Amino acid sequence: MSVSANSTGTPLLEVEKLKVEFDTRRGLVQGLRGVTLSIGRGETLGVVGESGSGKSVTAQAVMGLIDLPGRIASGDIRWKGRSLLGSDGERYARDIRGKEVAMVFQDPMTSLNPVLKIGTQIGEVLERHLGMTRAQARNRAEELLAAVGISAPGRRLDQYPHEFSGGMRQRVMIAMAIACEPELLIADEPTTALDVTIQAQILELLAELQQSLGLSVVLITHDLGVVAGLCHRVAVMYAGQIIETGLAEDVFERPAHPYTQGLLRSTPRLDEVSDRLVSIEGTPPNLVTPPEGCSFQQRCPLSGEACRKAPKLEHIRPDAEAACWRPSVPAWATPLMSPTFP
Amino acid sequence: MLNPVPAQPPAPPLLSVQGLDVTYETGAQGFWGRPKAFKALEDISFDLHPGETLGLVGESGSGKTTTGRAVLRRITASAGKIVFQGKDITHTKGEALRKLRRNMQLVFQDPYASLNPRMRVIDLVAEPLLVHGLIRHVDEARDRITELLRIVGLPADAHDRFPHAFSGGQRQRIGIARALALQPEFIVADEPVSALDVSVRAQVVNLMQDLQRELGLSYLFIAHDLSVVRHISHRVAILYAGRMVEIADRDDLYDHPIHPYTEALLSAVPVPDPRTQRQRKRIVYGGEIPDLVNPPAGCRFSTRCPLATEQCHKEAPKLSERSAGHLVACWNR
């Protein structure tokens with residue numbers, strides 16, 4: 001599977017050196033600290049990271065959902081080469097958000113309005129963005145429900161969200177997202193709240209839609225398995241920065257950054273028996289006062305003098321970048337018993 | 001196996017559950033309506049041996065948490081028997097039940113909700129000791145608590161701090177220290193790592209394995225994450241809609257699943273390896289878990305099962321042994 005095959009010319013979405021800050025009582029939290037990424041047409045990018053790494057903030061920034069006390073401090077977000085920031089950009093952004101770029105949220109239980117019928121909620125999108133009449137919108141909504149695999153869509157239109165199960169609600173969310181035939185779908189942990197067999201159904205649906213509609217997808221998740229199945233390219237985030245990016249096969253097979261290596265080896269696998277997992281001691285740094293230099297140095301077994309200076313995201317191979325002074329060095333020994341018991 | 005058993009009769013199980021049923025009542029429908037009852041668990045049987053981890057897996061609504069609670073006697077069984085350390089505890093009451101609870105503890109899922117934010121760590125860990133009258137004042141147990149905190153890998157100065165000062169993983173360690181305070185032999189861990197981030201999850205899983213080895217604990221490890229369960233369990237049981245569909249030694253279950261539901265469940269778990277994952281055959285069955293208020297007659301999986309026959313819709317299959325220790329409830333496999 002080639003990544004750049006479809007991404008000739010201007011990428012669909014570019015995020016450049018984006019910094020997002022949140023003014024909180026504890027001080028200024030640097031949520032994003034210079035994130036650069038781009039997505040081409042028909043491409044699927046997986047953004048992986050733990051809580052607080054900035055993966056959702058990146059998505060929210062693109063969708064214009066950063067609200068007070070947060071703000072975009074610097075950097076740029078471009079859609080087909082045109083900036084979405086500034087007063088001109090914001091007018092442009094209002095036209096494309098929800099229409100050309102759509103988002104699916106994590107929690108299908110709370111993202112739908114509980115007092116409106118499903119048909120009304122989907123119809124709203126169509127009337128607002130495509131100027132359809134109520135009757136047209138209703139017909140189209142029925143088609144959309146059928147497209148995301150909901151049976152008896154005509155009857156389902158008149159039901160309320162509580163009459164749908166979690167998996168079905170997520171299908172409704174996806175139906176709303178694809179209502180205006182977007183070019184990019186941002187899915188923020190779309191399957192985290194779902195059971196594993198339902199997760200498989202939703203991932204299958206996303207893959208099908210990507211094929212049939214030629215969608216580009218940004219899939220944000222903490223689950224490395226979900227990324228492995230669906231994504232062409234992966235970006236690994238840590239403490240508000242992208243620390244490694246490359247083709248999915250590459251990143252999983254030859255992780256260069258010690259954090260990526262650790263993440264992969266601390267994840268138990270269904271198809272393998274391991275005696276002990278690698279455990280990355282410590283916790284991610286506080287983003288009010290992020291450490292000087294590499295943000296992973298306190299937890300990194302390879303850290304040394306050089307790591308006091310922040311490494312830049314640099315090419316380690318064609319199509320692969322990592323932000324590390326000692327990339328591709330095996331960082332984790334075979335784990336032993338923890339030091340608690342001598 | 002950890003302890004090869006000599007050619008004697010095997011050691012008696014620590015815990016033996018036989019034909020356990022749990023019934024819940026739902027609210028009445030309307031003012032004159034009668035409350036309805038539904039069976040959250042039906043005919044659950046399993047043994048847990050000393051020093052063993054039994055993984056209990058199922059999707060939401062399958063009854064895994066109910067099983068854990070029933071075994072701990074937090075909810076009442078409507079039928080069946082729970083035998084702990086050779087004694088029938090199904091109907092134990094009062095002081096005897098309190099004593100019994102010293103020996104069986106619970107580790108909760110959400111380390112943010114399960115610790116009182118107004119209590120210091122030392123008070124949190126000492127609380128079980130106080131409640132059971134083993135100490136009269138926190139200060140009596142200071143040394144013991146220091147030791148407990150060291151065992152679970154918390155910093156020595158953790159004593160006087162409040163839960164908010166700790167990360168999710170550290171809070172889960174506090175929860176484990178609390179469960180260990182009474183030196184139980186048996187711990188029910190209900191989704192202990194599902195609220196934690198990947199790298200922190202590994203820390204807690206490793207800690208639980210170390211504690212088991214050192215202290216000879218037995219775990220009933222309840223989780224929906226099949227990869228973690230494979231890693232930590234010796235044996236695994238799969239629940240579906242309140243019934244057990246399969247139970248076997250870990251590798252036997254993962255490498256040779258027999259029940260169609262187990263097969264589908266395993267195939268649905270994504271593997272973090274693009275090449276392997278793209279080649280894996282996913283078995284996706286449509287439909288969802290049946291409503292337990294009006295469960296299907298016969299096998300509860302029959303509404304989704306591709307192998308279902310007339311018999312499956314009429315009569316529920318019982319668990320039967322297919323090879324040593326591998327029990328399956330299915331008519332067609």
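# Chain A against chain B

Guide: Between chain A and chain B, the count of salt bridges is five. The model is a predicted one, in which local features need pLDDT of at least 70 and side-chain atom pairs pLDDT 80 or more, while totals for chains, interfaces and linings use all residues. Residues are numbered from 1 along each chain as its sequence is written, chains are lettered from A and ligands numbered from 1 in the order written, and side-chain values use heavy atoms, without hydrogens or water.

Visitor: Why is the pair A:Glu249 and B:Arg278 called a salt bridge?

Guide: The closest N and O atoms of A:Glu249 and B:Arg278 are 2.7 Å apart. The term asks for a side-chain nitrogen of Lys or Arg within 4 Å of a carboxyl oxygen of Asp or Glu, so the pair A:Glu249 and B:Arg278 qualifies.

Visitor: Which elements of chain A give two or more residues to the side that touches chain B?

Guide: They are α7 (196-213), α8 (224-230), α9 (248-253) and α10 (258-265) of chain A; helices here are DSSP runs of H or I with at least four residues, and strands are E runs of at least two. The most comes from α7(A), with eight residues.

Visitor: What is the make-up by class of the side of chain A that touches chain B?

Guide: That side has 21 nonpolar, 16 polar and 12 charged residues. Charged means Asp, Glu, Lys and Arg; nonpolar means Ala, Val, Leu, Ile, Met, Phe, Trp, Tyr, Cys and Pro; the others, Gly among them, are polar.

Visitor: How do you know how many residues of chain A and chain B are in contact?

Guide: Contact is set at heavy atoms within 4.5 Å, and by that rule 49 residues of chain A are in contact with 49 residues of chain B. The two chains bury about 4,400 Å² between them, 55% of it on carbon and sulfur atoms. That area is the accessible area (1.4 Å probe) lost on putting the parts together, summed over both.

Visitor: What is the predictor's confidence in chain A and in the complex?

Guide: On pLDDT, the per-residue confidence from 0 to 100, chain A has a mean of 88, and 95% of its residues reach 70 or more. Over residues 1-7 of chain A the pLDDT is below 50, and residues 338-342 of chain A are also below 50. Where pLDDT is low, the predicted coordinates should not be read in detail. Chain B averages 90. For the complex, the predictor gives an ipTM of 0.84 and a pTM of 0.87.
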